[in-house]
Amino acid sequence: MIPIRKGPVPPLLARFAAIPGATYDGGATPDGLTFTQVKDEIRQHLVREQGHLCAYCMSRIRPTEAEMKVEHWASQEAHRQLQLDYSNMLGCCCGRSFKDGKPEEHCDTFRSKRNRSLTFNPSESSHHARLRIRYKPDGEICSDDPTFDGELRSVLNLNASRLVANRKKTWEAITGVLSKSRGTASRAEIEGLKTRWVTRNDVGQLHEYCGVAIQYIEKRLARMA
């Protein structure tokens, strides 16, 4: 999980939300705008602002109905007034992988079946410093905030086996690069490595699980200060 900087409201969503009585998945408008068109644009905007990564697990998402979900951080059931509020929307993966041939759910898919709230929102700027996310060498995610730490596990299931394995690979990749430096890597080398992990490619994608690498590099830089 990495902090997300929300962009402007998608134009079609703003137009749709301005209609009295409009609802999420609310059909067509008098001038012919359908919510299918609105939702397509929402997906495009969410994917672009999130660097093509799931808001929770940092796996790759693409702006299609089959490859991502639009998550309402404050649930539609409990917060009907926020159902068309773009600041309440996140792009998530489909949240389904397998362990020993059995389905293992995570992210919004796991959360929605439990109808539980989250303490912090990765797209709320006032929450960014409070996420207090840490990654361990074995790929486990945790938070130094006890309540949020429990939610990462019991609400989002972000320590599902596939996610842990992929984060561990990222940890090993970044430590492997640094270990290949002759002697101790210089600050300039480490800063250059960080730049590669925080920079989007030519189609706007961040590296999958980039939060793991960025956190490790920042800790390494802090020790050199």
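## Where α6 meets α7

In this predicted model, in which local features need pLDDT of at least 70, side-chain atom pairs count only at pLDDT 80 or more, and totals for chains, interfaces and linings use all residues, Arg 187, Ile 190, Glu 191, Leu 193, Lys 194, Trp 197 and Val 198 of α6 meet Cys 210, Ala 213, Ile 214, Ile 217, Glu 218, Arg 220, Leu 221 and Met 224 of α7. Residues are numbered from 1 along each chain as its sequence is written, and side-chain values use heavy atoms, with hydrogens and water left out. Contact means heavy atoms within 4.5 Å, and helices (H or I, at least four residues) and strands (E, at least two) are DSSP runs numbered from the N terminus.

The axes of α6 and α7 come within 10 Å and cross at roughly 160°; axes are lines fitted to C-alpha atoms, for helices over the stretch in contact, and angles run from 0 to 180 degrees between N-to-C directions. The two helices α6 and α7 are therefore roughly antiparallel to each other, given that angles under 35 degrees count as roughly parallel, over 145 as roughly antiparallel, 65 to 115 as roughly perpendicular and the rest as oblique. Their crossing is left-handed, a term for a near helix turned anticlockwise from the far one by less than a right angle, while clockwise is right-handed.

## How α5 packs

Helix α5 (residues 161-179) and helix α6 (residues 187-198) pack at an angle of about 150°, with their axes 11 Å apart, and that makes α5 roughly antiparallel to α6. The crossing of α5 and α6 is right-handed, and the contact is made by Thr 170, Ile 174, Val 177 and Leu 178 of α5 together with Ile 190, Leu 193 and Trp 197 of α6. These residues divide into six nonpolar, one polar and no charged.

The axes of α5 and α7 come within 9 Å and cross at roughly 40°, which makes α5 oblique to α7. This crossing of α5 and α7 is right-handed. From α5, the contact takes in Arg 167, Thr 170, Trp 171, Ile 174, Thr 175 and Leu 178, and from α7 it takes in Val 212, Ala 213, Tyr 216, Ile 217 and Arg 220; by class, there are seven nonpolar, two polar and two charged residues.

## The largest pocket

The largest pocket has a volume of about 540 Å³. Of the 26 residues that line this pocket, the closest to its centre are Met 1, Ile 2, Pro 3, Gly 211 and Ile 214. On a 1 Å grid over the protein atoms alone, where a 1.4 Å probe is used, a pocket is an open set of points with protein on both sides within 12 Å along at least five of seven lines, and lining residues have an atom within 4 Å of a point; grid points are joined across faces, edges and corners, and a volume is the space filled by probe spheres set on the points.

Strand β5 (133-135) and helix α7 (210-224) each supply at least two residues of the lining, and α7 gives the most, with five. By class, the lining of the largest pocket has 15 nonpolar, four polar and seven charged residues.

## The second largest pocket

About 360 Å³ of space lies in the second largest pocket. Of the 18 residues that line it, the closest to its centre are Glu 71, His 72, Ser 75, Gln 76 and Glu 77. The elements that give two or more residues to this lining are β1 (69-72) and α3 (107-112), and β1 gives the most, with four.

Terms used
Nonpolar A, V, L, I, M, F, W, Y, C, P; charged D, E, K, R; others polar.
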